Amino acid sequence: GEEKSAATLERLKLLQAQLMGQQAINTAEAGHGSVFVAGWRPFVGWVCAIALAYAAILEPLLRFTARVAFGYAGEFPVIDTTLTMQILLGMLGLGAFRSWEKKAEVARNTLTK
């Protein structure tokens with residue numbers, strides 16, 4: 001009962017402290033002037049977006065065009081998008097959560113209350 005609740009509360013406090021520390025790191029990285037520090041998130045987003053565009057739009061259209069217009073019967077390169085889709089969906093989920101926080105007016109711009 002009470003001991004379990006106290007232990008759960010303590011775990012949540014530790015998780016919150018860890019997340020707040022990561023947020024401080026993320027904020028510092030995002031404000032950095034070097035593209036090698038601040039540019040990795042957009043790079044990851046673009047890589048995922050390009051993989052999605054190829055797998056969902058470009059490759060099917062090219063395959064269709066090659067087979068119908070040119071009679072091509074060979075295979076096309078296949079990109080394994082398992083990892084890139086996991087990353088992209090995670091990034092989109094975090095972005096949506098941040099938007100929800102701002103709309104619900106519970107978002108903070110600082111790590112302290």
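I took helices (H or I, at least four residues) and strands (E, at least two) as DSSP runs, numbered from the N terminus. On that basis I read the elements of the protein chain as α-α-α-α from the N terminus on. The count came to four helices and zero strands.

I noted that this is a predicted model, in which local features need pLDDT of at least 70 and side-chain atom pairs count only at pLDDT 80 or more, while totals for chains, interfaces and linings use all residues. Residues are numbered from 1 along each chain as its sequence is written, and side-chain values use heavy atoms, with hydrogens and water left out.

Next I looked up surface and contacts. The protein chain exposes about 9,300 Å² (Shrake-Rupley method, 1.4 Å probe), and 68% of that area is supplied by carbon and sulfur atoms. Of the 113 residues in the protein chain, 12% are buried (under 20% relative accessible area; exposed is over 50%, partly exposed in between; 1.4 Å probe, protein chains only). Counting contacts (heavy atoms within 4.5 Å) between residues at least 6 apart in sequence, I found that 45% join residues at least 24 apart.

I then turned to Ile87, which sits in helix H4 (residues 82-103). Ile87 has a relative accessible area of 34%, so I logged Ile87 as partly exposed. Leaving out residues up to four places away in sequence, Ile87 touches Val44 and Cys48. From Ile87 to Cys48 the C-alpha to C-alpha distance is 7.3 Å, across 39 residues of sequence.

Last, I checked the record: UniProt lists residues 43-62 as "transmembrane region" in an unreviewed entry, and such annotations may be inferred rather than shown by experiment. In the model, residues 43-62 are 100% helix and 0% strand, with the end C-alpha atoms 25 Å apart.
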